[in-house]
Amino acid sequence: MRYHTEKPELYSTMYGETYICDHPVYNRCTLYKIGDKGLAVIQQRFNPANKQTWWGAIDPWLTDQLYLHPKFKAFFDERAGECVDGLYPTVSIRQIMWALKMKPLQRQRWETLFDRRAV
């Protein structure tokens, strides 16, 4: 049995869109919108050449897995909000995967975590 989520060979990316904004933590995210409400989801990246990390949009193979999860709508209704100054409420990929009780991505040594609910 796998403990971590692994990239499937075949996947689709019908839900979620890449959203470019001027947030203090990131400038790209994956945005899920239903009506006027939206929820931004971010994932941390790493450049081994200069050991730099940054936050950006999530992997495309995860977009539909999140959106089609049975508990996604309840999580979205609780955490999503309307756009304020071009920004939507934000969660990290780990926060949403734990909340939905999905198997998490394998944690890397270089990852940082948000210890608060809101990003």
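Visitor: Is Phe-76 buried or exposed?
Guide: Phe-76 counts as buried at 1% relative accessibility; buried means under 20% relative accessible area, exposed over 50%, and partly exposed in between, with a 1.4 Å probe and protein chains only. Bear in mind that this is a predicted model, where local features need pLDDT of at least 70, side-chain atom pairs count only at pLDDT 80 or more, and totals for chains, interfaces and linings use all residues. Residues are numbered from 1 along each chain as its sequence is written, and side-chain values use heavy atoms, leaving out hydrogens and water.

Visitor: OK, how many aromatic pairs are there?
Guide: The count is 7. Rings of Phe, Tyr and Trp (its six-membered ring) pair if their centres lie within 6.5 Å; planes under 30 degrees apart are stacked, over 60 edge-to-face, and the rest tilted.

Visitor: What about Tyr-67 and Phe-72?
Guide: Their centres are 5.3 Å apart with the planes at 50°, so that pair is tilted. Tyr-67 is partly exposed at 26%, while Phe-72 is buried at 2%.

Visitor: And how are the rings of Phe-72 and Phe-76 placed?
Guide: Centres 5.9 Å apart, planes at 35°, so tilted. Phe-72 and Phe-76 are 4 residues apart in helix H2 (residues 72–79), about one helical turn; helices are DSSP runs of H or I, at least four residues, numbered from the N terminus.

Visitor: Which residues do ring pairs link into a cluster?
Guide: Tyr-15, Tyr-32, Tyr-67, Phe-72 and Phe-76.

Visitor: Switching topic: where is Gln-95 found?
Guide: Gln-95 is in helix H3 (residues 93–99), and Gln-95 is buried at 18%. A polar atom of its side chain lies 2.8 Å from the backbone nitrogen of Ser-92.

Note on methods: Helices (H or I, at least four residues) and strands (E, at least two) are DSSP runs, numbered from the N terminus. A polar contact is a pair of N or O atoms within 3.5 Å; within protein, one must be able to donate a hydrogen and the other to accept it, and residues adjacent in sequence count only if both atoms are side-chain atoms.
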